[in-house]
Amino acid sequence: MSNAMEFVSNIKVGISIGNTLDSTDDSLPREADPSAFETAWHNPVITKQLVDTILNAGFQLIRIPVSWTGHMGPEPDFRIEKSWMDRVQEVVDYAYERKAYVILNLHHEDWNYPYYDNCEAVCRRMKAVWRQICGRFAEYDEHLIFEAQNEPRKVGTELEWNGGDEEGWEVVNTTNRAFLETVRSCGGHNPDRYVMLPGYGANCKAGIRHISVPEDDKRVIVSVHAYEPYEFALQIPGRKTWNHDTEEIDRLMRELKELYTDRGIPVIIGEFGAMNKDGNEDERAEWVKYYTDAAAAAGVPCVWWDNGLFEGKGELFGLFHRKDCSCVYPKVLGALVGRA
């Protein structure tokens with residue numbers, strides 16, 4: 001068993017605190033107070049109380065999506081604003097100081113589109129940004145995991161969500177390699193840090209078949225996002241009943257096992273979930289139980305996408321209410337942490 005396989009086996013279930021540090025607002029100057037960005041998508045700032053509530057509920061891992069684009073200066077340095085880096089570190093510490101696992105990434109960036117003519121520019125910025133992140137967190141141990149990027153894809157094209165093409169696969173692998181080389185060249189714990197590499201779009205179908213994983217680095221984890229079956233989990237309006245439709249879940253777990261975990265390459269499903277549709281909590285809880293059981297059988301932990309949304313016409317993946325730290329869907333929570 002590889003080092004990374006052993007490491008990932010310690011993680012049962014995680015949660016993302018989304019739509020917060022990954023929120024963007026092009027109208028704000030990069031020198032603006034971090035809270036202005038953090039609340040731009042109508043969630044309150046992340047508090048230690050929220051993180052404590054999540055960990056006390058039974059999660060071992062917290063994924064912290066972060067957008068860096070609005071907080072960096074011009075090339076070649078792409079200097080990240082100190083106030084933003086300080087705030088990111090503060091939130092990481094809420095979980096890290098509790099000995100929880102933390103995933104820190106690049107999220108909602110507007111510069112890493114996977115085209116050949118953009119590849120060199122992406123690699124330059126990837127190296128500059130991750131060099132700064134590695135420097136700030138150099139002395140953090142294996143509880144802090146770096147995820148290269150989030151769903152790199154050809155935004156606004158017919159290829160955006162269908163698994164990509166050869167150009168997209170190659171460029172994502174190249175930019176992932178720039179990330180990995182940068183992390184390994186930095187000091188502190190970075191040469192031995194566990195890292196996550198996504199494929200094109202972090203896609204759970206065609207994208208997972210084209211991820212380049214170096215054979216000589218035993219601390220690499222494959223990152224996949226999977227909302228399956230799509231019609232129940234993510235599509236709007238889709239359908240509110242699961243109907244025990246297991247085909248896509250079973251296919252995914254079978255492929256992850258054959259492609260990666262059977263070969264000693266660990267996988268984390270860094271985003272999954274089924275949104276609330278007219279109060280279908282019982283259906284969602286049953287789905288979570290089946291999904292996480294199937295993933296566990298393939299040796300894959302799952303990370304719930306909590307974007308703090310409970311009302312409206314958007315993607316209603318909220319689980320914990322950010323203002324009072326209450327759990328809105330206790331049956332879903334129970335299904336998630338029952339394996340922990």
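# Exercises on a predicted protein model

P76 lies in the loop that runs between β2 (61–64) and α4 (82–96). The model examined in these exercises is predicted.

**Exercise 1.** Determine which kind of peptide bond leads from E75 to P76, and which kind leads from E228 to P229.

*Solution.* 
Step 1. The bond from E75 to P76 has an omega near 10 degrees and is cis.
Step 2. The bond from E228 to P229 is cis, with omega near -10 degrees.

**Exercise 2.** State how many helices and strands the protein chain contains, and explain why the chain may be called as compact as a globular protein of its length.

*Solution.* 
Step 1. The secondary structure consists of ten helices and eight strands.
Step 2. For the extent of the fold, the C-alpha trace spans about 50 × 45 × 40 Å along its principal axes.
Step 3. Among contacts with a separation of 6 or more, 74% are made by residues 24 or more positions apart.

**Exercise 3.** Describe the burial, the surface and the charges of the protein chain.

*Solution.* 
Step 1. Of the 340 residues, 58% count as buried.
Step 2. The accessible surface comes to about 13800 Å², and carbon and sulfur atoms contribute 48% of it.
Step 3. There are 37 positive and 55 negative side chains in the chain.
Step 4. The centres of these two sets of charges lie 3 Å apart.

**Exercise 4.** Decide whether N150 is buried or exposed, and identify the side chain with which its own side chain makes a polar contact.

*Solution.* 
Step 1. N150 belongs to the loop between β4 (144–147) and α6 (166–185).
Step 2. A residue is buried when its relative accessible area is under 20%. The value for N150 is 8%, so N150 is buried.
Step 3. The side chain of N150 makes a polar contact of 3.0 Å with the side chain of R63.
Step 4. Leaving aside neighbours within four places in sequence, N150 is in contact with residues including R63, N105, H225 and E271.

**Exercise 5.** Carry out the corresponding analysis for E151: is this residue buried or exposed, and which side chain does its own side chain join in a polar contact?

*Solution.* 
Step 1. E151 is likewise placed in the loop between β4 and α6.
Step 2. Its relative accessibility is 13%, and therefore E151 counts as buried.
Step 3. The side chains of E151 and H225 are joined by a polar contact of 2.7 Å.
Step 4. Not counting residues up to four places away in sequence, E151 touches W161, G201, A202, H225 and E271.
Step 5. From C-alpha to C-alpha, E151 and R63 are 15 Å apart in space, and 88 residues separate them in sequence.

**Exercise 6.** Find the phi values of H244 and C325, and state whether each residue is buried or exposed.

*Solution.* 
Step 1. H244, in the loop between α7 and α8 (247–259), has a phi near 50 degrees, a positive value in a residue other than glycine.
Step 2. The relative accessibility of H244 is 53%, so H244 counts as exposed.
Step 3. C325, in the loop between β8 (302–306) and α10 (330–337), has a positive phi near 65 degrees and is also a residue other than glycine.
Step 4. The relative accessible area of C325 is 8%, so C325 is buried.

Methods:
Residues are numbered from 1 along each chain as its sequence is written. This is a predicted model: local features need pLDDT of at least 70, side-chain atom pairs count only at pLDDT 80 or more; totals for chains, interfaces and linings use all residues. Side-chain values use heavy atoms; hydrogens and water are left out. Helices (H or I, at least four residues) and strands (E, at least two) are DSSP runs, numbered from the N terminus. The radius of gyration is taken over C-alpha atoms; the globule rule is 2.2 Å times the number of residues to the power 0.38. Buried means under 20% relative accessible area, exposed over 50%, partly exposed in between (1.4 Å probe, protein chains only). Contact means heavy atoms within 4.5 Å. Accessible areas come from the Shrake-Rupley method with a 1.4 Å probe; for residues, only the protein chains shown count as cover. Lys and Arg count as positive and Asp and Glu as negative; His and the chain ends are not counted. The place of a charge is taken as NZ of Lys, CZ of Arg, CG of Asp or CD of Glu. A polar contact is a pair of N or O atoms within 3.5 Å; within protein, one must be able to donate a hydrogen and the other to accept it, and residues adjacent in sequence count only if both atoms are side-chain atoms.
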